[in-house]
Amino acid sequence: MKYFTIEELTDSIVARQLHIDNTPTPEANKNLEALVEHILDPAREILGKPIRVNSGYRCATLNNCVGGVANSQHLKGEAADIGTGSPEGNRILFDILLNMPFDQLIWERGNKHGPAWIHVSYCRNGNNRGEVIHL
Ligand SMILES: [Zn+2]
């Protein structure tokens, strides 16, 4: 945990507005730490610039409120939606992440220059499938 904190991986504007307690379970906390150690910190190191976390862990109530799918890896603390502030920067980050041991890497919307944001996940206890999806 060099560049990221559990706080920024659990912070949510929606949770604050709706007074939802988005404190991670001990299991989710460990999964978030593994996501940072194996994916987010190494990618940040190579990128050399800050990465913004839009959404990390989501408790079930929060996940429902933001329209997350029922089996979302955000529920387990295995996923984060991240970005750099521009599609071009996100494109560079996406290419860096392709070399990480991720479970799922999703190019989320955006345009030909890059994704609007990136969903990336890592499974601490399971097989990481290396699945790449363009939405
Ligand atoms: Zn996501």
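The model is predicted.

**Zinc site**

Three residues coordinate the zinc ion: His74 through NE2, Asp81 through OD and His119 through ND1. The distances run from 2.0 to 2.1 Å. Along the sequence, the donor spacing reads H-x6-D-x37-H. Aspartate 81 lies in strand E2 (residues 79-83) and histidine 119 in strand E4 (residues 117-121). These two are 38 residues apart, so the pair links distant parts of the chain. Aspartate 81 is buried, at a relative accessible area of 9%. Histidine 119 is buried too, at 8%.

**Helix H5**

Helix H5 covers residues 87-97. Its buried residues are Gly89, Asn90, Leu93, Phe94, Ile96 and Leu97. Viewed down the axis of H5, they fall within an arc of 160°, and therefore line one face of the helix. An α-helix has 3.6 residues a turn, so residues three or four places apart point the same way. The buried residues of H5 pack against helix H3 (26-47) and against strands E2, E3 (104-108), E4 and E5 (131-134).

**Aromatic pair**

The count of aromatic pairs comes to 1. Phenylalanine 94 belongs to helix H5 and tryptophan 107 to strand E3. Phenylalanine 94 has 3% relative accessibility and counts as buried. Tryptophan 107, at 10%, also counts as buried.

**Two further residues**

The charged end of arginine 44 sits over the ring of tyrosine 3, at 4.2 Å from the ring centre.

Leucine 9 is placed in helix H1 (residues 6-10). Its relative accessibility is 0%, under the 20% cut-off, so leucine 9 counts as buried. Beyond its neighbours within four places in sequence, leucine 9 is in contact with Phe4, Leu32, Val36, Leu40, Val53, Gly56, Tyr57 and Ala80. Leucine 9 and asparagine 63 are 54 residues apart in sequence, and their C-alpha atoms are 14 Å apart in space.

**Buried residues with their values**

| Residue | Relative accessible area |
|---|---|
| Aspartate 81 | 9% |
| Histidine 119 | 8% |
| Phenylalanine 94 | 3% |
| Tryptophan 107 | 10% |
| Leucine 9 | 0% |

Conventions:
Residues numbered from 1 in each chain as written. Predicted model: local features only at pLDDT ≥ 70, side-chain atom pairs only at ≥ 80, totals over all residues. Heavy atoms only, no water. Donors = N, O, S within 2.8 Å, 3.2 Å for Na, K, Ca; no water. Helix = DSSP H or I, 4+ residues; strand = E, 2+ residues; numbered from the N terminus. Buried < 20%, exposed > 50% of the residue type's maximum accessible area, 1.4 Å probe, protein only. Arc of directions from axis to C-beta. Contact = heavy atoms within 4.5 Å. Phe/Tyr/Trp six-rings, centres within 6.5 Å; stacked < 30°, edge-to-face > 60°. Lys NZ or Arg CZ within 6 Å of the ring centre and 35° of its normal.
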